[in-house]
Protein chains: 2
Amino acid sequence: MKNFKVFDGNISSPIGFLASGVHCGIKEKNKDLSIIYSECPAVCSAVFTKNKVIAAPLVVSKKHIEDKYAQVIVVNSGNANACTGEQGMKDAELMVELTSKKLLISKENVIVSSTGIIGVPMPMDKVKVGIEDGVKALSKKGGLDAAQAILTTDKNMKNIGVALEIDGKKITIGAMAKGSRMIHPNMATMLSFLTTDAKVEPTFFQNLLQEVTGLTYNMISVDGDTSTNDMVVCMANGLASNKEIEYDHPQKDKFIEAFKFVHEYLAKSIVQDGEGSSKFIEVQVIKSPTEEDAKLAVKSILNSNLVKTSLFGEQSNWGRILCSIGYCSADIDINSIDISIGANNAIVKMFSKGKALDYSKTEASEILKNKDLKIIVNLNSGDKEAVGWGCDLSYDYVKINSAPIA
Amino acid sequence: MKNFKVFDGNISSPIGFLASGVHCGIKEKNKDLSIIYSECPAVCSAVFTKNKVIAAPLVVSKKHIEDKYAQVIVVNSGNANACTGEQGMKDAELMVELTSKKLLISKENVIVSSTGIIGVPMPMDKVKVGIEDGVKALSKKGGLDAAQAILTTDKNMKNIGVALEIDGKKITIGAMAKGSRMIHPNMATMLSFLTTDAKVEPTFFQNLLQEVTGLTYNMISVDGDTSTNDMVVCMANGLASNKEIEYDHPQKDKFIEAFKFVHEYLAKSIVQDGEGSSKFIEVQVIKSPTEEDAKLAVKSILNSNLVKTSLFGEQSNWGRILCSIGYCSADIDINSIDISIGANNAIVKMFSKGKALDYSKTEASEILKNKDLKIIVNLNSGDKEAVGWGCDLSYDYVKINSAPIA
């Protein structure tokens, strides 16, 4: 039983948030500039890519987030402003300046984000017009336009709204994301933005996001490559007038549950969206001595090209799953492992405690025909667990990623 | 100028080594059991897979190698004797016993090795006949048969001989390997065996092999998956009558050079052999602060699916190379990096010190049409370097690895 309600909402659903998405010509067609605006400065939490190659907008945004407050996020698609040297830094700062001037807010309260081609200077004349138009277009109904304007090669928009009650007040969370396994032209970027009208204590909000990122975005694997532009930014403007949510708040768990649900939903949507994937794979590692060991095993399975190709081929190849667990750095006793595959309500155990089982190949074959698959690995050696999501490796993945840069 | 001569030799070329390869029916057709025999106990060095899933023959062989001597290696293909539980251990021990009895040598001097399908019990009746036939067939000319009988899905045999002079004595090294990127039916196993008539001090020999493995087999990447059965075993029987080669031997470097050349040759042959690969990629990371950082960067580039697919598509995508360096755990300053691609004598620098260069796309395109490609990354921050070898990611890789298990 969930303590929140999921509804057809988006980034501008919570009280006091406006949004817009416009076309300014960075991309040939389609919207390419989004603005998310809070009527008052909001508590802001964020996580950024761990890639050592960090795009200019992330360098600027990291600085602006140090005081834990922000009021506006400006995002462009079509150009990542990455590997663009000093000019790139100037351009990111100019985007901040233009936005702050138009909205009459402090530069330190502007977060800037970019996704698209790398190594190419930003067309700042177009971006300038985009910011002007975007500010004019800000509205309570702009959430969907904003979600559209951050997309690059995604097939679908990724929006969600949830509502819950804390201290007798209605709290709304809205969120959107972009990212797909189709990497074009140079790399996949994952962006995720969340707004809420909840009042939240800043340090609690930052710690919560970091913890949740470890359980959601960091547990999806498309091809093991980490982009230069990945970022997740959350704003909480407090206009719902609840008592500030922090570690001692009696209903904090309700908020945590809803917050985690939203990020998990978006993380899975990113994996599900990709062109070139024919299967959505959930990997559960259960009864692990530690959560860290379980996570390492989950990721090793999800990143194995041999596991991924065998799932594309609908082969019940437990040997490759076992092998990928065997070479991960987790402290695992291979002789106590069980490996099962499942889909819907069917499940087949293929390997148990060091030996192959004489399982029904027909049953396994039926399961593997499904689009949504589960791999369950029982380590039989503790009470911790982890779950992660990925996809198979198909001809289309090779096709898409070996194609010329547009 | 090399201090050794490469010749068309094999595992039975050095003085005092005999070999054989026979068909005993583990595989439907083709030879499937090899024996390598030294007339006297030989100094033996070995390295084994680091996968936590370790096949039974490796457990047995590790024990037998503890005293640093061995006299015979018995290898079967067609069945890996992995994930076979207690019976698998008994079968590996029985292979040792049968071989030791037939050759009248101590069980502790027998090394056993298996490659092929996993999770299936060894057909020991067939193996028994194979060992009997293999011992009978041992001969000075048996090296090529032995090299053939260890193959699984390899397209080509991998043999090499080198000769050099130490202390005025002719030293011969012979070697063979198996392994290909086509993974069938469950995982790729890499086996490599080397014989020499040189007299070598046991600890020096073991340390040398470990060091050389780190520079050769551990620097090839086919799909990042490490098998349960990988092993490299070297035997030195001393019959060339040189003074024992150890750390203080004045000509030890000549031996090291030849020994490393042989392993590098075999490691590259494994990468080159694979079905499904259309490009052979050498990655050099130069001017690194440490060798370890350089190795991490080399492996990260070679393992990136995005880099591999772009090379398959002959795209000069420096962004993906940069990105893969950016997320490896090496301590690298991205702003001082140069990235070039080359083939034959042509080379094009695409990226320098944080920025894309305005390089000739036509020239890059010409280079990328070659089968043998080089990626050169200059970190401009030290004097260490590393080199590694891998291949692209093609439709055929997906095709081969998504196919049903035979």
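**View 1. The two domains of chain A.** The centres of domain 1 of chain A and domain 2 of chain A lie 33 Å apart, taken over C-alpha atoms. The contact draws 15 residues from domain 1 of chain A and 20 residues from domain 2 of chain A; contact means heavy atoms within 4.5 Å. Domain 1 covers 5-270 and domain 2 covers 280-401. These bounds come from an automatic or database domain assignment. The model is predicted: local features need pLDDT of at least 70, side-chain atom pairs count only at pLDDT 80 or more, and totals for chains, interfaces and linings use all residues. Residues are numbered from 1 along each chain as its sequence is written, chains are lettered from A and ligands numbered from 1 in the order in which they are written, and side-chain values use heavy atoms, with hydrogens and water left out.

**View 2. Where domain 1 meets domain 2 in chain A.** Together, domain 1 of chain A and domain 2 of chain A bury about 1,400 Å², with 57% of it on carbon and sulfur atoms. Buried area is the accessible area (1.4 Å probe) that two parts lose on being put together, summed over both. On the side of domain 1 of chain A that touches domain 2 of chain A, α5 (202-215), β9 (220-221) and α6 (252-273) of chain A each supply at least two residues. Helices (H or I, at least four residues) and strands (E, at least two) are DSSP runs, numbered from the N terminus. That side of domain 1 of chain A holds 6 nonpolar, 5 polar and 4 charged residues. Here Ala, Val, Leu, Ile, Met, Phe, Trp, Tyr, Cys and Pro count as nonpolar, Asp, Glu, Lys and Arg as charged, and the others, Gly among them, as polar.

**View 3. The axis between the copies.**

**View 4. The interface of chain B and chain A.** Each side is named in the count: 55 residues from chain B and 55 residues from chain A. The copies meet through the same surface, because 100% of the interface residues of chain B are also interface residues in chain A. Chain B and chain A bury about 4,200 Å² between them, and 59% of it is on carbon and sulfur atoms. Two or more residues each come from α8 (305-312), α9 (318-326), β14 (355-356) and α11 (395-401) of chain B, on the side that touches chain A. α9(B) gives the most to this side, with 7 residues. By class, the side of chain B that touches chain A has 26 nonpolar, 22 polar and 7 charged residues.

**View 5. A salt bridge in chain B.** B:K63 and B:E93 form a salt bridge, with their closest N and O atoms 3.8 Å apart. B:K63 sits in helix α1 (residues 56-64) of chain B, and B:E93 in helix α2 (residues 85-103) of chain B, 30 residues apart. A salt bridge is a side-chain nitrogen of Lys or Arg within 4 Å of a carboxyl oxygen of Asp or Glu.
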